Amino acid sequence: MPNQNPEQLARDQIDQQLLAAGWVIQDKTKVNLSAATGIAVREYLTDVGPADYVLFVDKKPVGLIEAKRPEEGVRLTVVEEQSGEYAAAKLKHLNNDPLRFVFESTGEVTRFTDYRDPKPRSRPVFTFYRPESFQKWVKEDKTLRSRFFDTPALQ
């Protein structure tokens, strides 16, 4: 679309990837959490400002996406602190716990953090995870990185 700034172009790419991964995208003014298993709400308000996308699975907030313009791709780890603030924030109209899953994305480069990991840090991913993956992970007692500590020592 003409006259779009770089961040809007990134959001268009993010929207396409979310749709391909099985998410339903909604605007903050028209939220219907019953529309699908996975809902991505644009510009959802938090007590520290609007998050670019808040991800809901089974009507519960589980994560968020911080969108950045493509030029920020090489510096996405710098915005992890900002994403962490949004994850720890209270969502408008909800009494939520801190959000566990966080993405930073330019639409071309995407990083993912699971804040229940023993030492949370982002890692590059190819695209966004499906809502069904989050359904499964929310029910698990330990994250993948936590389970690595359960590996028995080799003799």
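Why does phenylalanine 134 count as buried? I looked up its relative accessibility, and because the value is 0%, phenylalanine 134 counts as buried; buried means under 20% relative accessible area, exposed means over 50%, and partly exposed lies in between (1.4 Å probe, protein chains only).

**Before going on.** I noted that this is a predicted model, in which local features need pLDDT of at least 70 and side-chain atom pairs count only at pLDDT 80 or more, while totals for chains, interfaces and linings use all residues. Residues are numbered from 1 along each chain as its sequence is written, and side-chain values use heavy atoms, with hydrogens and water left out.

**Entry on the sheet.** I followed seven strands, which form an open sheet in the order β1-β2-β3-β4-β5-β6-β7 with mixed pairing. Helices (H or I, at least four residues) and strands (E, at least two) are DSSP runs, numbered from the N terminus, and two strands pair if DSSP finds at least two bridges between them. At the edges I found β1 (24-27) and β7 (123-125), each of which pairs on one side only. Strands β4 and β5 run parallel and are joined by five bridges, and I saw that leucine 64 stands opposite valine 102 in β5. In general, strands of a sheet pair through backbone hydrogen bonds, either parallel or antiparallel.

**Entry on the helices.** I then looked at what lies across the strands, and found that helix α1 (residues 6-20) lies across β1, β2 (38-46), β3, β4, β5 and β6, running at about 5° to β3. Helix α2 (residues 80-88) lies across β2, β3, β4, β5 and β6, and runs at about 155° to β4. For these angles, axes are lines fitted to C-alpha atoms, for helices over the stretch in contact, and the angles run from 0 to 180 degrees between N-to-C directions; contact means heavy atoms within 4.5 Å.

**Entry on the aromatic rings.** My search of the whole structure gave 14 aromatic pairs. Rings of Phe, Tyr and Trp (its six-membered ring) pair if their centres lie within 6.5 Å, and planes under 30 degrees apart count as stacked, over 60 as edge-to-face and the rest as tilted. Phenylalanine 101 and phenylalanine 112 form a stacked pair, at 6.0 Å centre to centre with 15° between the planes. This pair links distant parts of the chain, with phenylalanine 101 in strand β5 (residues 101-105) and phenylalanine 112 in strand β6 (residues 110-114), 11 residues apart. Both phenylalanine 101 and phenylalanine 112 are buried. Phenylalanine 134 and tryptophan 137 form an edge-to-face pair, at 5.6 Å centre to centre and 90° between the planes, and both lie in helix α3 (residues 131-139), three residues apart, about one turn of the helix.

**Entry on the core.** The largest nonpolar core has 18 residues, and Phe103 and Phe134 are among those with the most contacts inside it. A nonpolar core is a set of buried Ala, Val, Leu, Ile, Met, Phe, Trp, Tyr and Cys residues joined through side-chain atoms within 4.5 Å. The elements that give two or more residues to this core are α1, β3, β4 and β5.

**Entry on a loop.** Lastly I checked aspartate 58, which lies in the loop between β3 (49-57) and β4 (60-67), and whose phi is near 55°, a positive value in a residue other than glycine. Because its relative accessibility is 40%, aspartate 58 counts as partly exposed. Lysine 59 is found in the loop between β3 and β4, and its phi is near 70°, a positive value too.
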